[in-house]
Amino acid sequence: MRDRVCAIIESKDEYKSVDVGTVDIINIYTDAKISKRKAEGGKVNMCTAIEGLMEDSRIEGQEQGENRALELIKLLEPGTKEYDKALNGTAAERKKLYKKYKIIE
């Protein structure tokens with residue numbers, strides 16, 4: 001996905017780098033949280049910015065998954081089949097448990 005997004009961004013000069021004011025507007029209207037830390041000359045490299053957003057999303061997803069698993073483990077009795085599924089089961093088995101215990105909808 002990263003390669004496709006960067007290819008689109010790099011297809012036009014006006015997409016490659018955007019001034020920080022434009023990034024502010026994008027962030028306000030989309031809640032994207034594009035970082036301006038690496039801005040050079042008042043411009044943000046959008047391919048780098050998108051990579052940062054994707055990494056932030058991966059980290060957030062990992063944290064959510066860890067929190068769900070921890071919440072489930074706290075609810076279950078050690079030694080039970082469900083407890084074993086929570087620890088060693090497939091993602092689909094855990095998902096059923098998350099739904100059963102209303103951790104997700």
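The lining of the largest pocket divides into seven charged, five nonpolar and four polar residues. Here Ala, Val, Leu, Ile, Met, Phe, Trp, Tyr, Cys and Pro count as nonpolar, Asp, Glu, Lys and Arg as charged, and the others, Gly among them, as polar. The model is predicted: local features need pLDDT of at least 70, side-chain atom pairs count only at pLDDT 80 or more, and totals for chains, interfaces and linings use all residues. Residues are numbered from 1 along each chain as its sequence is written, and side-chain values use heavy atoms, with hydrogens and water left out.

The largest pocket is lined by 16 residues. Nearest its centre lie Ser35, Arg37, Lys38, Thr48 and Ala49. Its volume is about 290 Å³. A pocket is defined on a 1 Å grid over the protein atoms alone: it is an open set of points where a 1.4 Å probe fits, with protein on both sides within 12 Å along at least five of seven lines, and lining residues have an atom within 4 Å of a point. Grid points are joined across faces, edges and corners, and the volume is the space filled by probe spheres set on the points.

Which elements supply at least two residues each of this lining? They are strand S2 (43-45) and helix H4 (46-75). Both come from DSSP runs numbered from the N terminus, with helices (H or I) of at least four residues and strands (E) of at least two. H4 gives the most to the lining, with five residues.

Now follow H4 itself. At the start of H4, a side-chain oxygen of asparagine 45 comes within 2.9 Å of the backbone nitrogen of cysteine 47. Cys47 is buried, as are Met46, Ala49, Met54 and Leu72 in H4. Buried means under 20% relative accessible area, exposed over 50%, and partly exposed in between (1.4 Å probe, protein chains only). Threonine 48, also in H4, is partly exposed because its relative accessible area is 33%. Its C-alpha atom is separated by 11 Å from that of valine 5, 43 residues apart along the chain.

With a relative accessible area of 18%, asparagine 27 is buried. What does its side chain reach? A polar atom there lies 2.7 Å from the backbone nitrogen of isoleucine 34. The backbone nitrogen of lysine 33 lies 3.1 Å from a polar atom of that side chain. Beyond residues up to four places away in sequence, asparagine 27 touches Ala32, Lys33 and Ile34; contact means heavy atoms within 4.5 Å.

The loop between H3 and S2 holds aspartate 31 and lysine 33. Aspartate 31 has a positive phi of about 55°, although it is not a glycine. Phi of lysine 33 is also positive, near 60°. Aspartate 31 is exposed because its relative accessible area is 52%. Lysine 33 is exposed too, at 58%.

One more loop lies between helix H5 (81-88) and helix H6 (91-100), and glycine 89 sits there. Glycine 89 counts as buried because its relative accessibility is 16%. Leaving out residues up to four places away, glycine 89 touches Asp84 and Arg94.

How values were computed:
Polar contact = N/O pair within 3.5 Å; in protein donor to acceptor, adjacent residues only side chain to side chain.
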